[in-house]
Amino acid sequence: MHPMQPVLPPSVEALSVAVARSQVPVWLPWPLPVGWLFTGIAHAGDDVSGARATAVACSGPAPLGGFGELVLIAEELGVGLGARYAGLPGPDPGDTVSLYKPADAKLLAAGRPTPMFHVPDAPADRAVFVGEARGLWLWAIAWPEQSALMMYDELVLTDLRDAGAELELLPCGALSPRLLG
């Protein structure tokens, strides 16, 4: 079991430290959608082995109006951070997700087309998608549920471990309460 570490408030410095210690991707839409901000990072792991799961939050104008939030999680099998934020029991999406049917959405993760599957058993206040990127679980959780429409646009995710100086340009907002819950 990997311990949950304290949530880091949104700053380029905090993100840089988390990225340097991570053993898994630190996914973020890049470029961020218009008007969106980086709003925090959480991770599970320890100081010796590094982060084995990361959760990055961003927020901004929702596709249908109002305010939307998106949390992207990368994790090794069995960690359970994605299921925690998705509001699901257990460490993974469970049997309700059929990985053998056509994908419900697709995005680009580190330049590779990545099929994402809707998780129907998630609480009604959010939309949950799960897929696999770089041999690890990739979760995309959107609040409110209607904000998931952004999953049907060509969302491009970058692993911030591969980012360079452009990381200094990341706009930061207030800490997302979604990471705390």
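Predicted model: local features only at pLDDT ≥ 70, side-chain atom pairs only at ≥ 80, totals over all residues.
Q: What makes the radius of gyration of the protein agree with that of a compact globule?
A: With 181 residues, a compact globule would have a radius of gyration near 16 Å, and the protein has 15 Å, which agrees. The C-alpha atoms fill a box of roughly 40 × 40 × 30 Å along the principal axes, and buried residues make up 49% of the 181 residues.

Q: Why is Glu-69 called buried, and why does Arg-178 count as partly exposed?
A: Buried means under 20% relative accessible area, with partly exposed lying between that cut-off and 50%. Glu-69 has a relative accessible area of 8%, so it is buried, whereas Arg-178, at 29%, counts as partly exposed.

Q: How do you know that Arg-178 and Glu-69 form a salt bridge?
A: The rule asks for a side-chain nitrogen of Lys or Arg within 4 Å of a carboxyl oxygen of Asp or Glu, and the closest N and O atoms of Arg-178 and Glu-69 are 3.1 Å apart, so the pair qualifies. This pair links distant parts of the chain, since Arg-178 is in the segment after strand 9 and Glu-69 in strand 4, 109 residues apart.

Q: What makes Glu-76 and Arg-52 a salt bridge, and where in the chain do they lie?
A: Their closest N and O atoms are 3.1 Å apart, which is within 4 Å, and therefore the pair meets the definition. Glu-76 is in the loop between strand 4 and helix 2 (81-86), while Arg-52 is in strand 3, 24 residues apart. At 23% relative accessibility, Glu-76 counts as partly exposed, because the buried class ends under 20%.

Q: Why do Asp-104 and Lys-101 both count as partly exposed?
A: Asp-104 has a relative accessible area of 29% and Lys-101 one of 38%, so each value falls between the 20% and 50% cut-offs. Their side chains meet in a salt bridge, at 3.6 Å from N to O.

Q: Which residues touch the most other members of the largest nonpolar core?
A: Of its 36 residues, Leu-15 and Leu-70 do. Leu-70 touches residues including Trp-36, Val-56, Ile-141 and Met-150.

Definitions and conventions:
Residues numbered from 1 in each chain as written. Heavy atoms only, no water. Core = buried A, V, L, I, M, F, W, Y, C linked by side-chain atoms within 4.5 Å. Buried < 20%, exposed > 50% of the residue type's maximum accessible area, 1.4 Å probe, protein only. Contact = heavy atoms within 4.5 Å. Rg over C-alpha atoms; globule rule 2.2 N^0.38 Å. Helix = DSSP H or I, 4+ residues; strand = E, 2+ residues; numbered from the N terminus. Lists of a residue's contacts leave out its neighbours within four places in sequence.
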